Amino acid sequence: LSNELEMPTFYQTLAGVTHLEETDIIELEKCYWSVKGESSSGKLDLKTLIPLISPPMPLNVCSGLFAAFDENMDGHIDFKEMACGISAACRGPLTERQKFCFKVFDNDKDGYLSRDEISKMVDVMLFICEDNIATQNKAATDESVKEIIVSDLIKRSTDKGLAIGEYLMWTVHNSLPMDFLNLIFQVCHIVFGLRPVSRVEEGEIVKGWLEREERRGLAVGQLWYLISMDWWRNWNDYVSNTYKNGGEMSSYCSFESTSSYSKTSSLKLSSKRSQSSLENSIALDISSVVVTGITTLDPSTGGHRRVGSITSYSSLQESPTQSPIMSRKVSFSKPGPINNSGLVSVPTTKVTSLTGEGGQLKRNMLLRGRDFQLVPNSLWKALVQWYRGSPALPRQVIQSNRGAGETELELYPLNLRLLKHHNGTLSNGSGPNSNVVRAPTPNAGSWSGLVGGYGAAALSSTGYNYVSNLVNSMPRRYLAYTASFSKLSTVKHVYDFLCTRLKLKAEDMRLWHFHDENNMVLIEDEDQTLEELGVCDEDQIIIEIRNKDLTWPEEIGSLSINSGDKCKQLPAEKGATGLNNLGNTCFMNAALQCVSNTRLLTQYFINDMHLYELNRYVFLFLKLNSIKIINHYS
């Protein structure tokens with residue numbers, strides 16, 4: 001504050017009661033409102049939090065982590081609770097961080113861990129410890145290891161349970177809880193948007209998160225983002241070279257991820273990531289963006305230093321008999337905004353894209369490690385918040401056709417050209433007319449002149465003079481949008497997406513696979529995939545929207561062409577077809593079709609037999625009486 005009379009701002013007040021800087025709080029608030037805005041309930045509740053943190057957080061501990069943040073237990077995390085929780089979990093002293101860990105497992109909030117809570121805590125900590133091990137030849141963790149740890153904690157407990165003081169004493173001599181604390185540390189930075197305090201800390205967080213996700217492998221439905229390799233190399237140099245040159249040390253706590261236990265006190269844990277634990281199953285990160293790709297993830301790391309665990313770095317462990325060698329400092333500037341424009345091709349059209357694929361990738365054999373780096377969805381969001389940048393290039397994991405259980409990343413989803421109808425008068429050379437597919441008819445006008453909602457279908461064979469006006473009202477198609485879909489997307493997925501994106505009712509929209517005027521197919525089978533339908537890249541799809549009088553533009557266009565054709569071929573047999581349906585006239589048309597196909601009745605009218613049975617005197621009598629009535633009231 002510049003003087004004693006000024007009142008502190010909200011950010012200054014919150015910074016005064018936490019271990020966060022005022023700038024940290026401002027950045028956290030931006031991320032908080034972004035996450036809250038994406039919530040279906042409008043609040044940061046447990047339902048919103050789980051997809052954000054799991055994976056990598058085990059699913060069975062998400063509720064406990066949420067409760068540790070939710071101090072007032074009102075079912076949602078407000079911004080003050082989020083800032084105070086992040087401060088306690090990340091920026092406070094180690095004792096405060098361990099107390100936060102204790103709160104995560106204290107489900108009943110009584111200040112003690114019961115036997116069940118201790119067992120759950122040990123399960124979670126062992127699972128996370130195993131998940132952090134990078135080696136592939138890991139032996140399964142012996143069940144007796146868990147029993148030894150649980151037994152040791154129970155011995156420290158009283159009748160009420162394990163008190164927080166005894167828990168803190170246990171953590172002093174055992175590093176097992178640090179894996180869990182460091183995972184929370186990563187989640188607070190990557191998911192909640194806390195900015196790392198140093199470049200080394202940033203590198204450890206990002207690389208640790210990335211390598212764990214790469215070890216976990218690809219799962220169908222996940223989104224991975226492409227980052228230009230030029231930017232990634234600059235960032236890697238920026239975060240990797242400082243501590244080697246003695247210029248900066250990380251504030252990120254580093255511990256060996258092994259614990260010693262035995263009945264007398266000496267048993268080394270052999271860690272292995274559990275693959276089959278349903279209790280610790282990981283929730284997949286599924287997104288609504290409908291894009292996917294076809295290139296298998298390369299296991300290589302692009303040449304940067306591989307970090308085996310976020311809690312163990314051998315490069316920081318120095319021999320007590322050796323002094324660290326201080327090499328010559330090399331300055332590396334902070335990279336600018338992420339620029340992925342070099343990975344995408346220049347668009348050939350200027351229409352709006354309905355999907356968020358970010359553009360079509362260049363077709364000149366892009367390779368991972370040479371041209372781009374892949375990062376998971378959550379890591380991309382964190383990097384964009386810290387550095388900004390565009391365009392976002394998400395690609396979805398799909399089921400591979402190479403074999404059962406195989407997955408691949410679809411780098412090149414199907415880019416489709418979406419056409420719509422324009423019934424109004426278009427001016428040449430501007431607007432939608434620049435992308436018109438069907439050549440406009442001279443003197444085109446609107447077909448709204450049809451009286452009473454009668455459509456062209458019912459009038460195409462009556463011989464009325466004004467039917468010829470339908471030729472001028474032929475709907476014209478123009479390129480309205482582009483959109484990218486996976487080749488494995490079903491027709492239902494495409495319908496649902498377009499209905500949601502364009503705010504249309506499903507019954508008011510139809511899709512056509514359009515090749516040319518004589519080759520267009522109505523897409524009806526919702527279970528078929530785009531690949532099974534033969535849809536290829538850059539194909540045209542017509543989005544047909546029902547008119548207000550319940551007619552379809554393509555039917556109107558077809559009848560307009562037929563009504564203007566003087567030499568139209570009639571059916572070989574009269575009565576073979578009925579009238580086209582106009583909204584709710586289907587029952588009437590069905591009744592007329594039944595009557596017209598009753599042969600005796602049809603012949604009766606065709607041969608004018610009904611004329612012999614007309615009572616002409618009744619018509620004359622009615623006509624005379626009508627004249628008298630009109631004359632009486634005139």
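This is a predicted model: local features need pLDDT of at least 70, side-chain atom pairs count only at pLDDT 80 or more; totals for chains, interfaces and linings use all residues.
Residues are numbered from 1 along each chain as its sequence is written, and side-chain values rest on heavy atoms, with hydrogens and water left out.

The chain contains 19 helices and 14 strands, taken as DSSP runs numbered from the N terminus (H or I over at least four residues for helices, E over at least two for strands). Of its 634 residues, 44% count as buried, where buried denotes under 20% relative accessible area, exposed over 50%, and partly exposed the range in between, with a 1.4 Å probe and protein chains only. The accessible surface of the chain comes to about 33800 Å², and 54% of this surface belongs to carbon and sulfur atoms (Shrake-Rupley method, 1.4 Å probe; for residues, only the protein chains shown count as cover). Among contacts (heavy atoms within 4.5 Å) between residues at least 6 apart in sequence, 76% join residues at least 24 apart. The structure holds 0 disulfides, a disulfide being a pair of cysteine sulfur atoms within 2.5 Å; of the cysteines, C101 is buried at 0% relative accessibility, while C536 is partly exposed at 42%.

An unreviewed UniProt entry lists residues 57-92 and 93-128 under "domain: EF-hand"; UniProt positions are given in the numbering used here, feature names are shortened, and annotations may be inferred rather than shown by experiment. In the model, residues 57-92 are 58% helix and 0% strand, with end C-alpha atoms 21 Å apart, and residues 93-128 are 72% helix and 6% strand, with end C-alpha atoms 22 Å apart.

In helix α9 (residues 164-172), the residues Y167, L168, W170 and T171 are buried. Viewed down the axis of α9, these buried residues fall within an arc of 160° and therefore line one face of the helix, the arc being that of the directions from the helix axis to the C-beta atoms. Their cover includes α6 (94-105), α7 (115-131), α8 (143-155), β2 (162-163) and α10 (176-190).

Strand β3 (residues 223-228) is mostly covered, with 6 of its 6 residues buried. L223, Y225 and I227 point one way from β3, and W224, L226 and S228 point the other way. Strand β3 runs antiparallel to β8 (residues 394-399), to which 3 bridges join it, and it also pairs in the antiparallel sense with β6 (residues 372-376) over 5 bridges; pairing requires that DSSP find at least two bridges between two strands. Y225 has P394 as its bridge partner in β8 and V375 as its bridge partner in β6.

An open sheet of mixed pairing is formed by 6 strands in the order β5-β11-β10-β14-β12-β13. Its edges are β5 (352-353) and β13 (519-523), each with a single partner strand, so that one side of each is left without a neighbour in the sheet. Within this sheet, β10 (residues 414-422) and β11 (residues 476-485) run antiparallel and are joined by 9 bridges, and L418 has Y481 as its bridge partner in β11. A483, also found in β11, is buried with a relative accessible area of 0%. Leaving aside neighbours within four places in sequence, A483 is in contact with L354, T355, L414, N415, L416 and L418; the C-alpha atoms of A483 and L418, 65 residues apart along the chain, are separated by 7.3 Å.
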